[in-house]
Amino acid sequence: WDDTGNSRMEIDLLVVNSDIAVVVECKSHLSIEDVKDQRQRLQEFRSCFPRYAACRVLGAVAAMVLPKEVGRYAYQQGMFVLAQNGENMEVRNDEKFVPREW
């Protein structure tokens, strides 16, 4: 869906408050290619959704199965990393993490 009538983009989860929009890609098993695809979506997000032009846009990936190297890659790209831990989801970013704004 999109709000321009032109470009189209699939977003799994969009969390918005008054000044921040977090675009989340959800997978059962996350790969490096999925993270690259998410980075591309984040780069194009504002052109597809101009209604969020005033928001800070942040990115995240979430997965049931998250290989360490994939989580590390997403972290290095400036994305929040969420993964299943037992019956819960946990944020895998540490206190040093600084999210990238897209």
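Reader: Where is Asp19?
Author: Asp19 sits in the loop between β1 and β2. Strands here are DSSP runs of E with at least two residues, helices are runs of H or I with at least four, and both are numbered from the N terminus. By the way, this is a predicted model, where local features need pLDDT of at least 70, side-chain atom pairs count only at pLDDT 80 or more, and totals for chains, interfaces and linings use all residues. Residues are numbered from 1 along each chain as its sequence is written, and side-chain values use heavy atoms, with hydrogens and water left out.

Reader: ok, and why does Asp19 count as partly exposed?
Author: Because its relative accessibility is 38%. Buried means under 20% relative accessible area, exposed means over 50%, and partly exposed is in between, using a 1.4 Å probe and protein chains only.

Reader: What does Asp19 touch, not counting residues up to four places away in sequence?
Author: Asp19 touches Cys55 and Arg56. Contact means heavy atoms within 4.5 Å. Tyr52 is 33 residues from Asp19 in sequence, with 8.6 Å between their C-alpha atoms.

Reader: How do β1 and β2 pair?
Author: They run in the antiparallel sense, over four bridges; strands pair if DSSP finds at least two bridges between them. The two form a hairpin with three residues between them, and Leu14 stands opposite Val23 in β2.

Reader: New topic: is Arg41 buried or exposed?
Author: Arg41 is buried, at a relative accessible area of 16%. Arg41 belongs to helix α1. Leaving aside neighbours within four places in sequence, Arg41 is in contact with Met9, Glu10, Glu25 and Asp34.

Reader: How many residues are in the largest nonpolar core?
Author: That core has 23 residues, and those with the most contacts inside it are Leu30, Val35, Phe45, Phe49 and Leu66. A nonpolar core is a set of buried Ala, Val, Leu, Ile, Met, Phe, Trp, Tyr and Cys residues joined through side-chain atoms within 4.5 Å.

Reader: Which element gives the most to this core?
Author: α1 does, with four residues. Apart from this core lies another of five residues, including Val22 and Leu58.

Reader: And which helix gives the most to the lining of the largest pocket?
Author: Helix α2 (residues 68-76), with four residues.
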